[in-house]
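This report covers the aromatic side chains of the structure shown below and the charges placed over their rings.

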Amino acid sequence: MRTIPAGLQAHLDGEATTLCNAWRVVRRDGVVLGFTDHDRDLEFDGLTYLAASGFEASETEDGNGLSAEGGDVSGGFSADAITAEDLSAGRYDGAKVEVFLVNWQETGQRLLMRTAELGEVRREGGLFRAELRRLTHKLDQVKGRIYGRQCDAVLGDGRCGVNLAAYRATATVSAVTDDMHIEVTGLSGFAERFFRYGVLSFTGGAAAGLSADIEDHRKGAGADSLTLWLPMAAGVAVDDTLQVTAGCDKRFSTCKAKFNNRLNFQGFPHMPGSDFSYGYADGQTVHDGRPLYG
């Protein structure tokens, strides 16, 4: 149950109100931005809430319990606020959003209405529409382990235990074939495909702060070629710097030979294969578990 501050309650009880919405957006890279649907900028808690952003709230839905209701916000791209390039680059994915109801004549009279995360962002010409997800949406995520031959841990996490510092390298872009293929220098000391299924993180250039998954790693004449699973959202240029982290194909043999981590393998390499289900004893054949039909 929300407690409305006395000053705001008195304003709400009056004959006329001067209310607007304000949004405080905290991106995962630490950037904090403020927006409002009022016709002029507001300022409180040391942050300026921009009116030029064109932010506009839709009807929202809230309920009791742990349901995952949501709403959305929309607006136009602005050089001073949200840009199409930042949205395409994923800089707002998973951002934390605090929604305030504010008396714009006296910003000290305000109420935090809800806290949410930015979900799907859709672009429509020069406009955007961003989904606001209630924090309880995380309860819908599947949890638990998978019973399979391959490892189900993330390389370097607490269950895996591998120290990734020994499996990282810095590199520099030497050529850009297209938005999914780049050539880099600085990886000459690593074997071909060492960084296959790994991750690269840009530390310089227009894509600084963004990461991408690596599909393949090949050796070339004087440079290494990296193929990405998906096109880069931001432009990559020659001389951009990046950090490259090795990948794992989740097999026991790779865990043993590449990472010397076989004792901590988080899969079941000796579980029976699919052929085992076809084998049974019938009194006429050798009871060795071989499949009856190949």
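In this predicted model, the count of aromatic pairs comes to 10, taking rings whose centres lie within 6.5 Å. A pair of aromatic rings is described by the distance of the centres and the angle of the planes. Among these pairs is that of Phe-44 and Tyr-49, with ring centres 4.2 Å apart and planes at 15°, so it is classed as stacked. Phe-44 has 4% relative accessibility and therefore counts as buried. Tyr-49, at 0%, is likewise counted as buried.

Tyr-167 and Phe-194 are also stacked, because their planes meet at 20°, with the ring centres 6.4 Å apart. This pair links distant parts of the chain, its members being 27 residues apart. Tyr-167 belongs to the loop between β9 (127–134) and β10 (168–178), whereas Phe-194 belongs to the loop between β11 (181–185) and β12 (199–202). Relative accessibility is 15% for Tyr-167, which therefore counts as buried. Phe-194 counts as buried at 17%.

Both residues are part of one aromatic cluster, formed by Tyr-167, Phe-190, Phe-194, Phe-195 and Phe-259.

| Charged residue | Ring | Distance from ring centre |
|---|---|---|
| Arg-27 | Tyr-92 | 5.1 Å |
| Lys-258 | Phe-194 | 4.6 Å |

Terms used
Residues numbered from 1 in each chain as written. Predicted model: local features only at pLDDT ≥ 70, side-chain atom pairs only at ≥ 80, totals over all residues. Heavy atoms only, no water. Phe/Tyr/Trp six-rings, centres within 6.5 Å; stacked < 30°, edge-to-face > 60°. Buried < 20%, exposed > 50% of the residue type's maximum accessible area, 1.4 Å probe, protein only. Helix = DSSP H or I, 4+ residues; strand = E, 2+ residues; numbered from the N terminus. Lys NZ or Arg CZ within 6 Å of the ring centre and 35° of its normal.
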